[in-house]
Amino acid sequence: MAMHIVIAGAGDMGYHLAEQLSYDNKDITLIDTEREVLDYVSSKLDVLTVLGDATSIEVLQRANVDHASMVLAVTTSEKTNIVAAVLAKQLGAKRVMARVRNHSYLHGDNIKYFENLGIDNLISPTMLCSREIFSLIQNSSFTEVFDFEGGKLNVVGVTLDQSNPLVNQRIMDMSSNPIFDDVRIIAILRDQKTLIPRGSTIIRNQDHVFFISTKKHTQSILQLIGQEKKEIKNVMIIGGDDMALTTALKLENHYRVTLVNKDKDRCKWLAENLPNTLVINGDYKNVELLVEEGLEQMDAFLALTDSSETNIITSLTAKNHGVYKTIAHVDTREYIHISHSIGVDSLINKKLVAANEVSRYLRKGAVEAVSGIYGVDAEFVQYSVCKTNRLTKYTLKDLHFPDSAIVAGVIRGEEVFIPDGDFQLQVGDKAIVLALPQAKGSLEKLFH
């Protein structure tokens with residue numbers, strides 16, 4: 001029996017979620033008010049569609065929410081999402097999630113009002129993105145940063161060029177360096193393909209390399225790749241919608257933030273709501289204006305407008321003007337795959353961030369967290385070892401792990417391990433596994 005999932009809203013986010021979930025052979029029904037949108041989706045994906053308003057009880061019944069393991073209300077209307085989620089729960093759905101815009105709903109005690117209504121999770125893509133941007137600014141030498149268990153283990157990504165001491169070296173030859181006791185290379189992105197490295201793998205120029213380390217050894221990675229830690233002080237943001245606002249709010253107490261937006265009235269409103277941000281009204285496509293406003297003194301540049309093209313081009317311009325760290329919000333799937341070769345340091349994508357959050361709740365077995373990586377088909381999955389089975393009886397090298405997966409790190413209470421082949425898991429361990437899609441089935445069996 002496949003798991004039945006109902007998604008209300010077949011827009012960008014609904015489509016992306018349906019696509020992600022259909023890989024896992026889930027049985028998916030999409031509800032939307034527009035016939036063309038549903039026709040497009042069913043021509044691309046193997047899903048059922050229901051035409052109608054997700055706040056209608058009759059429409060929800062047609063979508064069989066009474067048998068649903070999960071209902072995701074992700075239309076562009078917050079009110080629709082809340083009403084649809086509450087009704088779906090009353091009609092018998094096991095778990096319901098609603099996408100919201102209003103961040104105050106997610107603060108402190110406010111969440112419990114929604115839990116009392118039966119909504120299991122609220123999800124705000126912009127809030128998740130601003131959290132990710134904050135973490136990228138704090139760890140500015142890296143293009144991606146994932147942390148597990150509140151940062152006990154970190155995974156970071158970085159592109160290595162010809163001048164890098166690791167380039168043209170075999171991984172097994174590096175291990176004599178004592179840094180590799182606490183740091184390990186766990187994935188390489190090369191020509192848009194993900195490789196899980198073996199001892200014989202050679203690092204090449206322009207490889208995008210992912211390292212795992214304990215929190216206190218993240219700095220060792222910088223030594224290893226021959227980089228200094230760069231202190232970020234001045235940040236420029238372009239854009240003015242929700243994402244720019246949330247991000248500025250998160251950054252303005254830690255950095256000097258300048259925000260440029262072209263709408264005069266919106267600038268007034270932003271200036272009132274961002275007490276510690278310098279808000280400038282002007283056209284951010286005009287490079288001279290950005291230079292006048294201090295672009296060349298900036299350590300980081302965040303392009304968060306609603307146009308992916310503008311964001312990529314202004315980020316490259318900022319790079320040319322000597323800005324150390326550029327982050328662009330990109331909505332278009334095609335661009336995500338080529339990001340590392342374009343030259344923008346980090347990309348952020350609302351749908352992917354939200355999909356990672358949702359898939360945490362959907363995996364079978366003992367999954368605690370999932371993180372997808374931009375442009376990479378592999379993902380990190382955190383499993384907990386909950387009973388004595390094969391996993392705890394053999395060392396990792398005797399477990400016949402699929403080739404397309406690697407145990408990257410293990411958290412045991414307060415202790416953290418970067419395991420080798422002789423490591424043995426225990427009940428209660430949390431294992432962080434990097435897995436390509438084809439490994440999913442065998443991992444679920446192993447950890448079940």
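Reader: Thanks! Which strands does helix α10 lie across?
Author: Helix α10, residues 264-273, lies across β13 and β14, and its direction is at about 170 degrees to β14. Keep in mind that this is a predicted model.

Reader: Good to know. What sheet does β14 belong to, and in what order do the strands come?
Author: The sheet is open and has six strands, in the order β14-β13-β12-β15-β16-β17, with parallel pairing. On average, neighbouring strands in this sheet are turned by 20 degrees against each other, direction ignored.

Reader: Which strands stand at the edges?
Author: Those are β14 (277-281) and β17 (346-348). Each has a single partner strand, so one side of each has no neighbour in the sheet.

Reader: And how do strands hold on to each other in general?
Author: Strands of a sheet pair through backbone hydrogen bonds, and the pairing can be parallel or antiparallel.

Reader: How many bridges join β12 to β13?
Author: Five, and the two strands run parallel. As one example, asparagine 234 has arginine 256 in β13 as its bridge partner.

Reader: What about β15 and β16, how many bridges there?
Author: Strand β15 (residues 300-303) and strand β16 (residues 325-329) pair over four bridges, in the parallel sense. There, phenylalanine 301 is bridged to threonine 326 of β16.

Reader: Back to β12: is it buried or exposed?
Author: Buried: five of its five residues are, so β12 is largely enclosed by the rest of the structure. Both of its faces are covered, with Asn234, Met236 and Ile238 on one side and Val235 and Ile237 on the other.

Reader: Which helix lies across β12?
Author: α9 does, and it also lies across β13, β14, β15 and β16. Its direction is at about 165 degrees to β12.

Reader: How do the axes of α9 and α6 cross?
Author: The axes of α6 (residues 125-138) and α9 (residues 242-251) come within 9 Å, crossing at roughly 45 degrees. That makes α6 oblique to α9. The crossing is right-handed.

Reader: Which residues meet there?
Author: From α6 there are Thr126, Met127, Cys129, Ser130, Arg131, Ile133, Phe134 and Ile137, and they meet Asp242, Met243, Thr246, Thr247, Lys250 and Leu251 of α9. Sorted by kind, the residues of this contact are seven nonpolar, four polar and three charged.

Reader: Let's switch topic. Where is isoleucine 203 found?
Author: Isoleucine 203 is in the loop between β10 (193-195) and β11 (208-214). This residue is buried, with a relative accessible area of 0%.

Reader: Which residues is isoleucine 203 in contact with, leaving aside its neighbours within four places in sequence?
Author: Among them are Leu160, Leu166, Val167, Met174, Ile185, Ile188 and Val209.

Reader: How far apart are isoleucine 203 and leucine 245 in space?
Author: They are 40 Å apart, C-alpha to C-alpha, and 42 residues apart in sequence.

Reader: One more area, then. How many residues of helix α1 are buried?
Author: Eight of its 11 residues, so α1 (residues 12-22) is largely enclosed by the rest of the structure. The buried ones include Tyr15, His16, Leu17 and Glu19.

Reader: And which way do the residues of β5 point?
Author: Val96 and Ala98 point one way and Met97 and Arg99 the other way, and all are buried. Strand β5 pairs with β4 (residues 70-73) over three bridges in the parallel sense, and valine 71 has valine 96 as its bridge partner in β5.

Key
Residues numbered from 1 in each chain as written. Predicted model: local features only at pLDDT ≥ 70, side-chain atom pairs only at ≥ 80, totals over all residues. Heavy atoms only, no water. Axes fitted to C-alpha atoms, helices over the stretch in contact; angles between N-to-C directions. Parallel < 35°, antiparallel > 145°, perpendicular 65-115°, else oblique. Left-handed = near helix turned anticlockwise from the far one by under 90°. Contact = heavy atoms within 4.5 Å. Nonpolar A, V, L, I, M, F, W, Y, C, P; charged D, E, K, R; others polar. Pairing = 2+ DSSP bridges. Buried < 20%, exposed > 50% of the residue type's maximum accessible area, 1.4 Å probe, protein only.
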